[in-house]
Amino acid sequence: VTTRLPKVGTTIFTVMSALAQQHGAVNLGQGFPDFQGDPALVDAVAAAMRAGHNQYPPMPGLMSLREAVAGKIESLHGASYDPDREITITAGATQAILTAVLALVHPGDEVIVLEPCYDSYEPALTLAGATTVRVPLDPKTLHVDMARVAAALTPRTRAIMINTPHNPSGTVWNASERSQLRDLLRGTNVLVISDEVYEHMVFDGQPHISVCGDPELAARSLLISSFGKTFHVTGWKVGYVAAPAELMAEFRKVHQFNVFTVNTPMQQGLAQYLANPAPYLDLPDFYQAKRDLFRAGLAPTKFRLLPCEGTYFQCVDYSRISEMEDDAFCRWLTEEIGVAAIPLSAFHERPTDQRIIRFCFAKQEATLQAALTRLQGL
Ligand code: PMP
Ligand code: GLN
């Protein structure tokens, strides 16, 4: 067969989780918690199933959940989205990203991504027949280099994909970066696909800077998030998109023939759970404590810690430990030391000469301690 995705193999997350399992390694690779979500949320979903909420919900998602999402966005960012026409529940952020791209990007369009970037962006663009234009983040700060973004804009640029808090680097946008992007795009037709799946994991008292907080930017943006991250249930695959009605109408045209809609009992349970007073507000402290524990454990080692302002990922430079390329180093670390991590080259088009890997700290304290004990021997 002729492949649609010549550059794509099996994702690094799947590969590293399998390797971790095979070698009995502590899995700090693929990003998922090793603890359960709130039993009240699980109960709400189970109750929905038992109460018979088991048939198709409306195509854009249950209205109660769309209303809850609109309420959450309004209360956090002061932005108002019409749950009827401007919010759609998706099968996680991955489906939202692919659907957004297929709906709004045309063959021959250019789309800017900021490298390093999440591994699903480029395949989505390739499937849409678009050209991926990779703009590196500033190598020192891992923040957006707006001058380079400006230089990458052409009349063919259809969209830019952004991600804050950022996987893998753990950097978060500040308000000035958002206003710079707004000013840069003024007068263009460029759309913004804003991946905000780690929106509730921003540390040290910083705010989450969402595209929706700037009305001018919001008018050209699709905001994407994921309940899997926020409520420790990555396997549920439920997320959402918020966008102005005109963009959402196009999104839904594709969504209805992609998944049509998303599992009912999870939506019902999430809607009920979100009626509690803001069940996501303790997330920054919860993950900040894990970040601090993990960083303190690595501080005496030869790993060099990169900053971590958000997400549940900690990047480290291992050049004082090994000269190996990051891919080989992650395999070695998994097989010989017993800790799995993700090589940063997975977020780049080509292997880099950097010696950086990513650990996920969304783990129970005992898991983090077990990993640290092994890493402290290096
Ligand atoms: N975007 C980023 C930056 C991610 O890290 C992830 C997943 N971990 C996703 C999107 C996909 O989210 P979901 O599991 O909801 O599809
Ligand atoms: N987003 C998760 C990560 O970055 C992985 C999700 C997946 O395996 N597709 O680790």
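Modeller: Before we look around, a helix here is a DSSP run of H or I with at least four residues, a strand is a run of E with at least two, and both are numbered from the N terminus. This is a predicted model, where local features need pLDDT of at least 70, side-chain atom pairs count only at pLDDT 80 or more, and totals for chains, interfaces and linings use all residues. Residues are numbered from 1 along each chain as its sequence is written, while chains are lettered from A and ligands numbered from 1 in the order in which they are written.

Biologist: Okay, which helix gives the largest share of the shell around ligand 1?

Modeller: A residue counts as near a molecule if its C-beta atom, placed from the backbone, lies within 6 Å of it. Here 13 residues surround ligand 1, with Gly92, Ala93, Thr94, Asn167 and Ser226 the closest. Helix α4 (residues 92–104) supplies the largest share, 3 residues.

Biologist: How many of the shell residues are nonpolar, polar and charged?

Modeller: Ala, Val, Leu, Ile, Met, Phe, Trp, Tyr, Cys and Pro are nonpolar, Asp, Glu, Lys and Arg charged, and the others, Gly among them, polar. This shell has 3 nonpolar, 9 polar and 1 charged.

Biologist: And at what angle do α2 and α11 cross?

Modeller: Two packed helices are described by the angle and the distance between their axes. Axes are lines fitted to C-alpha atoms, for helices over the stretch in contact, with angles from 0 to 180 degrees between N-to-C directions. Helix α2 (residues 39–50) and helix α11 (residues 264–274) have axes that come within 8 Å and cross at roughly 130°.
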